[in-house]
Structures are given as structure tokens and as C-alpha cells.
Amino acid sequence: MEQRHVYLVGFMGSGKSTVGEILANKLGAFFVDLDRFIEETVGVEISEIFSEYGEEHFREVESYVLNEVAASPDPSVVATGGGIVLKEDNWRVMEESGVTIHLHASIDTLWNRVSGTNNRPLAEDRQQFESLYWSRLPLYRRAQIEVVSHPKSPEEVAEEVLGALGLVEEKEKEAHPQRET
Ligand code: S3P
């Protein structure tokens, strides 16, 4: 597998965007926040896409944008939206073009981080948020690497991800010693 991109997956509030930006700097890679990219592409905020066109439409745009980013030859760190893990096709795209990393945190940490913030249509009600969390957790755990993101600073999490990426690279080299990196 050619590991061009690093995909951060995880629930809302897990720190994908903050950690992603730091990680991209450390790796000398581009940083892409998929939600912001969607808003720029469509010209409408996420909450408005949900309310005006529905979640299904949002998911289609999300997959389209993911494909665009994956096809880019420039190595990028990609902060995905929490629901990217819902589609098998999205996994295929991420796994074929990079390495996937789950930023994990407890439900209380996540809720504290996102409750009261705008533009997250799926984080308006604690009960709904919690059941979504439990249904999503097994999906996030498909990622190649899991890093617990709390209680740590974003800088510490980024360092941990860097270390884990080094291990994945070593394993890849052991499995395919003849390949150029
Ligand atoms: C979603 C998470 C959000 C955003 C949208 C849907 C989800 O992104 O894509 O509101 O389904 O979990 P963040 O994980 O960056 O908050």
C-alpha cells in the first residue's frame, strides 16, 4: 500500500482538526479539514446542508470530496468528519490511499467539547449523541492505529500519532523489504 495520506477518524470532538493541523506541520504535509472543504465546495455551512438537503445528500458530498482529496498526489493529513466511517466505499478509498488513525475519547470528554458549539447538527441532544457514539465506536476501531486523545494536549496526541506512524512504516518495510519508500 502506498501511504500517501494520513486519515484521522473519530467521533465529533475527538480533536481530529486540532491534532491534524499540528501533525501536518510535523510531517511537512498538507492539512485538509474535510468539513471545511465541503463547505468551501458547496458554499454552504454543514448545518445548512443537513437542514436544507438532508443527511443523505451531505454523505454523498462527503464521499465525493474524500475521493478528490485521496486522488491528490500531495501527501496530506486529513481530518475527516465523524460520519466518514459509515460507508464501506469511504473505507476503501482511505485504506487504498493512506493510513487510518482513530482518535479516541470518552463520551463525557466529547460531549463537554462539542455541546454548545454551532454547526454540528448531530450534537444537539446528549442522548442522541450518546447512542450515536456507541453505534459508531466499532466502526472507528477498524482504523489501523488507535490513539487515546484525552487527557492529553493536542501536541502530545500528535507526537503519539507520529510514533505510531513510524511503527506502521517499519511493519510495512518488514512485510515488503523490496519496496522503495
Ligand atoms: C458528523 C460529524 C461532523 C460533520 C457532520 C456529521 C458525524 O464532523 O461532518 O456534522 O456524522 O459524526 P466532526 O466530526 O468534525 O465534528
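Predicted model: local features only at pLDDT ≥ 70, side-chain atom pairs only at ≥ 80, totals over all residues.
**A walk from the sheet to the ligand**

The strands β1 (residues 5-9) and β4 (residues 98-104) run parallel to each other and pair over five bridges. Strands in a sheet pair through backbone hydrogen bonds, in either a parallel or an antiparallel way.

Zoom out, and there are five strands in an open sheet, ordered β2-β3-β1-β4-β5, with parallel pairing. At the edges you'll find β2 (30-33) and β5 (145-148), each pairing on one side only. Going from one strand to the next, the twist averages 20°.

Now for the helices. Helix α1 (residues 16-27) lies across β1, β2, β3 (76-79) and β4, and runs at about 175° to β3. Helix α2 packs on the sheet too, where it touches β2 and β3, and its direction makes about 70° with that of β2.

α2 (residues 34-42) also packs with helix α4 (residues 55-71), at an angle of about 105° and with the axes 10 Å apart. At that angle, α2 counts as roughly perpendicular to α4. On the α2 side, the contact is made by Leu-34, Phe-37, Ile-38, Thr-41 and Val-42, while α4 brings Val-61, Glu-62, Val-65 and Leu-66. Sorted by class, that's seven nonpolar residues, one polar and one charged.

Last stop, the ligand. Around the ligand are Met-12, Lys-16, Asp-35, Ile-46, Gly-81, Gly-82, Gly-83, Arg-120, Pro-121 and Leu-122. This shell splits into four nonpolar, three polar and three charged residues.

Note on methods:
Residues numbered from 1 in each chain as written. Near = placed C-beta within 6 Å. Nonpolar A, V, L, I, M, F, W, Y, C, P; charged D, E, K, R; others polar. Axes fitted to C-alpha atoms, helices over the stretch in contact; angles between N-to-C directions. Helix = DSSP H or I, 4+ residues; strand = E, 2+ residues; numbered from the N terminus. Parallel < 35°, antiparallel > 145°, perpendicular 65-115°, else oblique. Contact = placed C-beta atoms within 7 Å. Pairing = 2+ DSSP bridges.
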